[in-house]
Every structure is written in C-alpha cells, then in structure tokens.
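Subject: Structure handover

Hi,

Here is the structure I promised to pass on. Please open it first, then read my notes alongside.

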There are 2 protein chains.
Amino acid sequence: MKTRPTITGVHCTRFGELWEKSLYDLVRDAAEGALTDANIEIGQIDAIFYGNMLSGILDNNVHASGKISELLGVHVPVYRTEAACASGGMAFQMAYTYLQAFPGKTVLVLGAEKMTDFGGPQVTQALSAAASGEEQVAGLTFPGLYGMLAQTYLAKYGYTEEHLAHVAVKNHYHGTFNARAQFRKAITVEQVLKSPYVATPLKVLDSSPISDGACGLVLTNDAARISGRPGVAVLASEIATDTISLKGRKRLDGLDATVAAGDNAFATSGLDRSDISVAELHDCFTIAELLAMEDLGFWMKGEAGRHMADGITKLGSGGPLTVNTSGGLKASGHPVGATGIKQIGELYLQLTAQAGERQVADAKYGLAHNVGGSGGTAVVTILATI
Amino acid sequence: MKTRPTITGVHCTRFGELWEKSLYDLVRDAAEGALTDANIEIGQIDAIFYGNMLSGILDNNVHASGKISELLGVHVPVYRTEAACASGGMAFQMAYTYLQAFPGKTVLVLGAEKMTDFGGPQVTQALSAAASGEEQVAGLTFPGLYGMLAQTYLAKYGYTEEHLAHVAVKNHYHGTFNARAQFRKAITVEQVLKSPYVATPLKVLDSSPISDGACGLVLTNDAARISGRPGVAVLASEIATDTISLKGRKRLDGLDATVAAGDNAFATSGLDRSDISVAELHDCFTIAELLAMEDLGFWMKGEAGRHMADGITKLGSGGPLTVNTSGGLKASGHPVGATGIKQIGELYLQLTAQAGERQVADAKYGLAHNVGGSGGTAVVTILATI
C-alpha cells in the first residue's frame with residue numbers, strides 16, 4: 001500500500017496590507033516558516049508546487065519556477081499553477097498527486113498573492129480575468145456575479161440579506177482569535193446591513209477584502225519524516241470544473257463543481273459528512289458559504305439561511321461542525337493564490353490541537369473547499385488527525 | 001509494474017499569424033484534432049493539462065480551467081500550468097506524473113498561445129515577464145539575454161556568427177517539409193548574416209518568431225486504449241530549475257537546468273545518448289540549439305559550433321541524430337505555451353513513421369527539450385517507439 005501523504009508543517013504570513021513586503025518576500029517567509037515548522041531543510045525538498053493568480057497581470061511577472069529556484073536556492077522542479085482563486089487548492093492537489101506517483105518524497109506547497117500595491121479598480125479588473133470574456137465585456141465584476149447567485153438564492157428560498165449577514169458576523173468573530181487575520185474586529189448584523197452595497201444584495205461587509213499574504217506547507221509520504229512530527233493525513237483531494245460563465249450553468253442556486261469535487265472527496269475518503277467537525281469554506285462573499293454548506297452536503301438544499309441564522313457553525317455553539325475558524329476569506333483576508341493553502345494550514349492547526357483560542361475540541365477530520373471564479377473550478381480536500 | 005504512459009494521438013494547428021482564430025478557437029482545434037487522431041471521445045478523458053504563458057498579461061485572461069471546461073463540455077480536473085516558454089513541456093510532465101499516480105487513466109495535454117494580435121513591443125514586454133525584475137528594469141529583453149549567452153560562447157570557444165547561422169539554415173530547411181510550419185522557406189548562411197541585428201551577435205534570422213498556435217496530445221496508461229493504436233511510450237520526463245537571472249549562474253556557456261533535466265531523463269530511461277536518433281531542441285535563438293547539444297551530452301563542450309557547421313544533424317546528412325525536423329522554434333514558429341507539446345508531437349510522428357518527407361529512417365528513440373526564459377526551467381522528455 002502507498003504511504004498516505006501527510007502534512008508535517010505549516011506557516012502563513014500575516015494577511016493584510018503588507019506594503020513593506022514584495023511578493024517574493026512573502027513567498028520566502030512562507031517557505032522558510034513551513035520548513036522550520038516541519039523541522040526540515042530546503043535541500044530535503046524534492047519538488048515545489050506554487051499557486052499564484054495575478055502576478056502576470058498586475059506585475060508583468062511570470063516564470064515563478066525560475067524565480068523560486070533563485071529565491072530558495074533549489075534546482076528541483078517548481079510547478080506554478082493557476083486556477084484563479086483556487087490556485088492554492090490546485091497546487092496542493094497537484095502536490096498530493098505527485099506524492100501518489102512517487103514514494104518516499106517530500107514537497108513544499110506554496111501559495112501567495114500581492115494585491116494591495118495596486119489600485120482597487122486595477123485589482124478588480126485583474127480579478128475579472130477569472131471570468132469569461134463575455135462577462136468581462138458586460139462589466140460583470142466578481143461582486144456582480146456573486147450578487148446574481150445571491151439574488152437567486154434569496155428569492156428561491158425566501159431569505160433576506162440578514163441571512164447573508166450572519167456569515168460575515170460569524171467569520172469576523174472567528175477572526176478576532178487569529179493573530180494573522182487581516183481583520184480582527186467583531187461586527188454586528190446591523191453593521192453589515194448598513195454597509196454600502198457593492199452589487200445588490202451584497203454589501204461591503206458581505207465581501208472578502210483585497211489582501212497580501214502567503215502560506216506554505218510541507219507534505220510528505222516519506223515515513224521517516226512523518227514519524228515524531230505532528231502530522232495530518234490527506235485522505236482525499238479532488239478537483240472538479242464547470243462552465244466559466246454563469247449563463248452556461250444548469251442552476252444558479254449552487255455550484256455544481258463544488259458538488260462534484262465534494263462527492264468525489266467523500267467517496268475517496270470513505271467518510272460521512274457527519275465525521276467532519278471543522279471546515280474551511282470559500283466565503284469570498286457571504287452567499288458563497290451558504291451555497292457551499294448545501295453543495296457539500298452538510299445541509300439540505302435551501303436550509304443554509306436558516307441554519308446560519310441559528311449560529312450552529314460558530315465557535316462555541318456546540319454544533320457538530322465549526323466553519324471558518326481562521327476567519328474565512330471574509331476576515332482573515334483573501335490573497336487569492338494563498339487562500340487554498342491557508343485553509344489547509346488552518347485545518348492542520350485544528351487537527352494537531354495547535355489552534356489556541358479558536359481550537360475546536362476533539363477535531364479529528366477536516367474539510368477544505370477552495371473555489372475559482374464564480375465556480376469554474378472547485379477543490380475539496382479532506383484531512384485527518386494521525 | 002505500472003503501465004507505461006503512452007501517447008496515442010497528436011494534433012497541432014498551423015503555426016503563424018492566425019488572425020481569424022482566437023486563443024480558445026486554437027485550443028478547441030488542438031483538442032478535437034488530438035482526440036480524433038487518438039480515436040477517443042472527450043468523455044473518455046479523465047483530466048486535462050494545459051500550458052499557456054501570456055494570456056493573463058496580454059488578454060486579461062486567466063482561469064483556463066473554467067474556460068476549457070466550458071469550451072469542451074467537461075467537468076474533470078483541468079490544470080493550467082505556466083513556466084514561461086516551458087509551459088507546454090511542464091504541462092506534459094505533470095500529465096506524465098498524474099498517470100504514474102493513477103492507473104487506467106487517459107488525459108489530454110494541451111498547449112496554446114495567441115501572440116500576433118498584439119504589437120511587437122507589447123509582446124516583447126510581455127515575454128520579458130519570464131525574466132527577473134532586475135533584468136526587466138535593466139531593459140534586458142530575451143534577445144538581449146540570449147545575446148549575452150551567445151557572446152560568451154563564441155568568445156570562449158573561438159566561433160563566429162557564421163557558426164550560429166547554420167542552426168537557422170538547417171531548421172528553415174526542415175521547415176520546408178512541414179505543412180504546419182510558420183516559415184516554409186529555405187534560407188542561406190549569407191541571408192542570416194546579412195539580416196539586421198536584434199542583440200549582438202544575434203540577428204533577426206537567428207531568432208524564433210512571434211506566433212499563434214496550439215497543440216494537443218492524448219496520453220494514457222489504459223492498456224485498452226493503447227492496443228491497436230499507433231503509440232509512443234514515455235520513458236522519462238524530467239524538470240530542473242535554475243536561477244531566473246543570468247547573474248546568479250555559475251557559467252554562461254550553457255544552461256545547467258538542461259544538464260540536470262537531461263542527466264535525470266537519461267538515468268530514468270536507461271538509454272545512452274547514442275540511442276537517440278531524433279530530437280526536438282529549444283532553439284528560441286540559434287545559440288540555444290548549440291548549447292543544448294552540449295548540455296544534453298550529445299556533443300562535448302565547445303564542439304557544437306564545429307559540428308553544426310558540418311551539418312551532421314540535418315535531414316539526409318546521414319548523421320546519427322537529426323535535430324528539429326519540425327523546423328524547430330525558428331522555422332515552425334514559437335507560440336510559447338504550445339511549443340513543448342509540438343516538440344513531443346513531432347517526435348510522435350517520427351517514432352510512428354508518420355513524418356512524411358521529413359521522416360528520419362528507423363527512428364526508435366526521441367528526445368524533447370523545452371526551456372523557460374533564459375534557462376530558469378528545463379524539461380527533457382524521452383520517448384520510444386512501441
């Protein structure tokens with residue numbers, strides 16, 4: 001039997017407006033931190049997987065494999081992948097695939113994005129590169145696309161903007177416990193509802209911010225590196241895709257790529273939904289977390305608004321599943337290439353009981369869900385305490 | 001024992017100024033052509049690997065996974081990778097890794113680039129994104145970087161610009177036999193030497209062109225799909241990296257990433273250099289093919305200028321190794337994301353005796369060599385007739 005890939009170390013930089021750091025400063029910090037946490041030298045790394053979306057568009061900066069070779073002094077393969085805001089999740093899934101192919105190897109997985117050096121309109125336009133050309137030409141930014149998903153969901157299931165607001169309130173509350181989160185300030189439903197509209201029904205406080213940040217982790221199937229370290233096993237990591245344009249979808253009250261990736265991941269892992277006690281879901285906008293809870297099969301279709309208002313995924317609620325203890329994209333920030341790695345890093349902390357004030361008691365199994373664009377790509381990863 | 005990944009179908013679009021086709025028109029043409037050639041339906045494909053460098057910078061167009069899902073009507077994983085001009089080779093190597101991990105699978109590998117819709121200065125600047133920030137700020141375009149490599153090589157080994165010119169003459173001659181090549185016109189040493197300088201000692205006719213084009217191939221380890229089809233086995237595919245900047249290198253008379261990837265590929269394949277009778281090498285500039293012949297161990301250090309002048313890698317020369325029968329990047333064109341796939345596609349034609357007028361007799365083993373930037377990434381793949 002193959003050795004199961006295991007995470008043995010994680011590091012994220014602080015997320016936020018990090019004007020004193022360049023993109024590759026952040027990549028270096030994440031890499032060195034992850035190696036230190038895993039108690040391993042860079043010379044013991046067999047390959048590097050790197051997720052980044054925007055550096056080509058924003059900074060005329062591609063060919064990350066050569067750049068990271070120079071930065072870290074390595075000559076091993078360095079794979080850059082890009083799947084919009086799922087770039088980090090895809091990099092992780094590629095690393096997992098690599099370790100399925102080659103026994104006895106140890107790899108470094110990195111994700112990073114530098115966004116706040118550029119003006120808001122420039123970043124918004126760059127992010128729209130993840131949408132179809134037709135959607136871009138129509139002026140559909142990502143708040144607009146998720147606004148349409150939210151309109152559909154609220155109308156179909158009889159919910160209000162207040163049901164969305166609870167996601168932001170919960171994730172900001174969680175963010176207060178995360179020293180690396182971009183926002184560490186609790187907010188109220190009233191504050192969310194009074195914040196300005198970005199794309200009806202979504203408001204500023206329904207939206208994840210523009211962020212800088214990087215994360216790294218060490219993944220290995222080398223038994224010698226696993227023993228004696230805090231480790232988390234990867235039970236499954238699955239990718240599914242869907243039409244990039246909303247107009248091509250069968251429905252607008254959920255993301256079928258999430259459904260497919262989730263179903264495949266649960267099938268591969270052999271777990272039931274009820275086994276998962278901690279999850280990091282892709283809440284780029286509040287509506288996205290509601291849809292994800294249903295698409296992943298944690299809640300029945302149309303129930304998410306009600307359950308979210310009941311607060312049963314909040315730390316300390318006593319519910320069976322706590323969601324986005326990191327603060328989610330909403331409060332911890334969303335440096336897009338880093339997000340998928342940060343999610344898995346947060347689960348690593350939870351599943352090795354290193355999450356401090358935001359620890360979910362007795363967490364054994366965790367799920368990470370990373371989305372590209374408005375659902376053209378979804379990555380679902382299931383992790384277990386070892 | 002694992003099934004050895006096998007190529008069972010290939011298709012390249014014509015390379016050139018294809019103003020009537022969009023990037024994704026080209027991707028569709030390559031995908032459909034490869035599927036047809038492999039006698040397989042899109043629904044039988046388990047994953048797609050896609051190499052593209054510039055669409056983010058030139059066309060505000062990323063998230064190819066969602067775009068290709070929509071284009072081809074698939075929901076399987078679609079991996080976009082980017083390693084500058086080695087994006088195609090890296091996509092192929094990732095597909096090879098995937099098939100090592102998962103038995104019984106069949107994947108589609110695609111590479112594409114759309115460059116000629118944009119102005120020359122815009123494309124030159126976009127291509128410079130593959131260099132380090134310092135090199136970009138210094139005004140070092142890729143002709144400039146390869147010009148420095150050429151200066152070093154000619155001075156160190158006592159060669160002249162005429163020795164470089166023979167590469168272009170040979171590859172243009174080969175291009176006359178390739179109906180899909182951008183340039184199908186033979187040229188003379190005198191014409192090369194009289195063409196204008198781009199970056200001394202490199203001239204226009206030492207340089208590969210700006211091109212549109214796409215290639216696709218089907219790679220499988222499903223025994224049922226392999227039997228009864230013309231197939232080519234992948235014996236090895238290896239990636240190595242090096243500092244992105246020339247200033248960080250130990251030497252400038254070769255590319256150490258090529259040496260490492262080549263040595264690893266030969267070790268994995270179990271072949272000797274003398275087993276290879278056909279090779280597609282990364283001749284973005286004439287100097288690059290000379291360096292590659294030495295770095296890959298086909299010729300001793302410093303011998304390439306002399307052997308090239310002797311013409312022993314030209315079709316019909318009777319030499320043991322024929323190089324760049326496609327016309328190379330120089331004559332067949334260099335749509336950067338497509339190049340690495342085109343190289344392997346050309347070897348597929350050679351090793352299945354489908355190369356027509358440019359067929360190398362009794363070709364059993366072939367080698368493809370794809371470089372990113374000025375050598376920050378190198379991919380070497382070794383193929384065998386089955």
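**Where the two chains' helices cross**

The axes of helix H4 (residues 87-101) of chain A and H4(B) come within 7 Å, and they cross at roughly 55 degrees. Keep in mind that this is a predicted model.

Sorted by class, the contact of H4(A) with H4(B) has six nonpolar, four polar and no charged residues.

**Helix packing inside chain B**

Two packed helices are described by the angle between their axes and the distance between the axes.

H4(B) packs against helix H15 (residues 336-351) of chain B at an angle of about 60 degrees, with the axes 5 Å apart. That makes H4(B) oblique to H15(B). On the H4(B) side, the contact is made by B:Ser87, B:Gly88, B:Gly89 and B:Phe92. On the H15(B) side, look for B:Gly337, B:Gly340, B:Ile341 and B:Ile344. How do the residues of the contact of H4(B) with H15(B) divide by class? There are three nonpolar, five polar and no charged.

Now turn to helix H7 (residues 142-157) of chain B and helix H12 (residues 286-295) of chain B. Their axes come within 9 Å and cross at roughly 60 degrees. H7(B) and H12(B) are therefore oblique to each other. H7(B) passes H12(B) in a left-handed crossing. In H7(B), the residues that meet H12(B) are B:Tyr146, B:Leu149, B:Ala150 and B:Tyr153. Their partners in H12(B) are B:Ile287, B:Ala288, B:Leu290, B:Leu291 and B:Glu294. The contact of H7(B) with H12(B) has eight nonpolar, no polar and one charged residues.

**Aromatic pairs**

How many aromatic pairs does a search of the whole structure find? Over all chains, there are 16. Here are two from chain B.

B:Phe49 and B:Tyr98 form an edge-to-face pair. Their centres are 5.5 Å apart, with 65 degrees between the planes. This pair links distant parts of the chain. B:Phe49 sits in strand E2 (residues 47-51) of chain B, B:Tyr98 in helix H4 of chain B, and 49 residues separate them. Both B:Phe49 and B:Tyr98 are buried.

B:Tyr153 and B:Tyr157 form a tilted pair, 5.1 Å centre to centre, with 50 degrees between the planes. Both lie in helix H7 of chain B, four residues apart, which is about one turn of the helix. Are they buried or exposed? B:Tyr153 is buried, with a relative accessible area of 0%. B:Tyr157 is partly exposed, with a relative accessible area of 24%.

Ring pairs link A:Phe49, A:Tyr79, A:Tyr98 and A:Phe102 into it.

**Buried places in chain A**

Find helix H3 (residues 64-72) of chain A. Eight of its nine residues are buried, so H3(A) is largely enclosed by the rest of the structure. The buried residues are A:Ala64, A:Ser65, A:Gly66, A:Lys67, A:Ile68, A:Ser69, A:Leu71 and A:Leu72. Just after H3(A), A:Gly73 takes a positive phi of about 70 degrees.

Next is A:Tyr146, in helix H7 (residues 142-157) of chain A. A:Tyr146 is buried, with a relative accessible area of 1%. A:Tyr146 and A:Pro201 are 55 residues apart in sequence, yet 9.4 Å apart in space, C-alpha to C-alpha. Leaving aside neighbours within four places in sequence, the contacts of A:Tyr146 include A:Leu202, A:Leu255, A:Phe285 and A:Val371.

A:Gly33 counts as buried because its relative accessibility is 17%, and the cut-off for buried is under 20%. A:Gly33 and A:Thr13 are 20 residues apart in sequence and 8.5 Å apart in space, C-alpha to C-alpha. Not counting residues up to four places away in sequence, A:Gly33 touches A:Val10 and A:His11.

Best wishes

Notes
Residues numbered from 1 in each chain as written. Chains lettered and ligands numbered in written order. Predicted model: local features only at pLDDT ≥ 70, side-chain atom pairs only at ≥ 80, totals over all residues. Heavy atoms only, no water. Axes fitted to C-alpha atoms, helices over the stretch in contact; angles between N-to-C directions. Parallel < 35°, antiparallel > 145°, perpendicular 65-115°, else oblique. Left-handed = near helix turned anticlockwise from the far one by under 90°. Contact = heavy atoms within 4.5 Å. Nonpolar A, V, L, I, M, F, W, Y, C, P; charged D, E, K, R; others polar. Phe/Tyr/Trp six-rings, centres within 6.5 Å; stacked < 30°, edge-to-face > 60°. Buried < 20%, exposed > 50% of the residue type's maximum accessible area, 1.4 Å probe, protein only.
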